[in-house]
Amino acid sequence: MSSVFRRPPDAERNIDASLYFGNLDPEVTELIMYELFIQFAPLRYLNMPKDRILKTHQGYGFVEFRTVRDADYALDILRGVRLYGKQLKIKKAEPPKSGTSSE
Amino acid sequence: EYSNDLSSIRPGKVSSELRKALGIPEGAPPWISIMKDIGKPPAYSSLAIPGLDTSYDNDGYRDSKSVNTSKLHE
């Protein structure tokens, strides 16, 4: 069952295999981003946060691959790609800031 | 709701929607030439990639050993 748009449990997430992407034209859809990313590796999860009322995305999203290597490759190869004329902004996802401290 | 759409989306097959977004009406997508420099995607290292391992077509990456296509695909 394909559930790439369904958020996996936090315990199963791999932030190191995740990328942030942004500077998206409003015409870009989750399906287009799914199709773009699977050219480079299978996905575990893809999400583009939506405006609750307008149901439109807000110009950015997150994608999680199966491995760090897959994410690094996608990051490398997608630098400079333009969608609807807008250069894709893409970088490693940052871990959510939590209250945990190692000190 | 997405499952019907997703089944037709495969690596190596660039839809008209994605082509429109990329601004390339036909031919190999721009990342094929980058793959020539940096190598194939690790996840698909065993597959034949059109434009890289064979002449370009838009029919998807293929098993390089057998000509067996995905059995999940009807």
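A pocket, as the word is used here, is an open set of grid points where a 1.4 Å probe fits, with protein on both sides within 12 Å along at least five of seven lines. With that in hand, let's walk through this predicted model, starting from one such space.

The second largest pocket has a volume of about 330 Å³. Its lining counts 15 residues, and those closest to the centre are Arg13(A), Ile15(A), Phe62(A), Glu94(A) and Pro96(A). Four strands of chain A each give two or more residues to this lining: E1 (18–22), E2 (43–47), E3 (60–65) and E6 (89–92). Sorted by class, the lining holds 6 nonpolar, 3 polar and 6 charged residues.

Those strand names lead us to the sheet. In general, strands of a sheet pair through backbone hydrogen bonds, either parallel or antiparallel. Here, 4 strands of chain A make an open sheet in the order E2-E3-E1-E6, with antiparallel pairing. E2 and E6 of chain A are the edge strands, each with a single partner, so one side of each has no neighbour in the sheet. On average, neighbouring strands are turned by 20° against each other, ignoring direction.

Look next at where E1(A) meets E6(A): 4 bridges join this antiparallel pair. In E6(A), Lys89(A) is the residue that stands opposite Gly22(A).

Helix H2 of chain A, residues 68–78, lies across E1, E3 and E6, and runs at about 150° to E6(A).

Note on methods:
Residues numbered from 1 in each chain as written. Chains lettered and ligands numbered in written order. Predicted model: local features only at pLDDT ≥ 70, side-chain atom pairs only at ≥ 80, totals over all residues. Heavy atoms only, no water. 1 Å grid on protein atoms, 1.4 Å probe; cavity = no way out; pocket = protein on both sides within 12 Å on 5 of 7 lines; lining within 4 Å. Points joined across faces, edges and corners; volume = space filled by probe spheres on them. Nonpolar A, V, L, I, M, F, W, Y, C, P; charged D, E, K, R; others polar. Pairing = 2+ DSSP bridges. Axes fitted to C-alpha atoms, helices over the stretch in contact; angles between N-to-C directions. Contact = heavy atoms within 4.5 Å.
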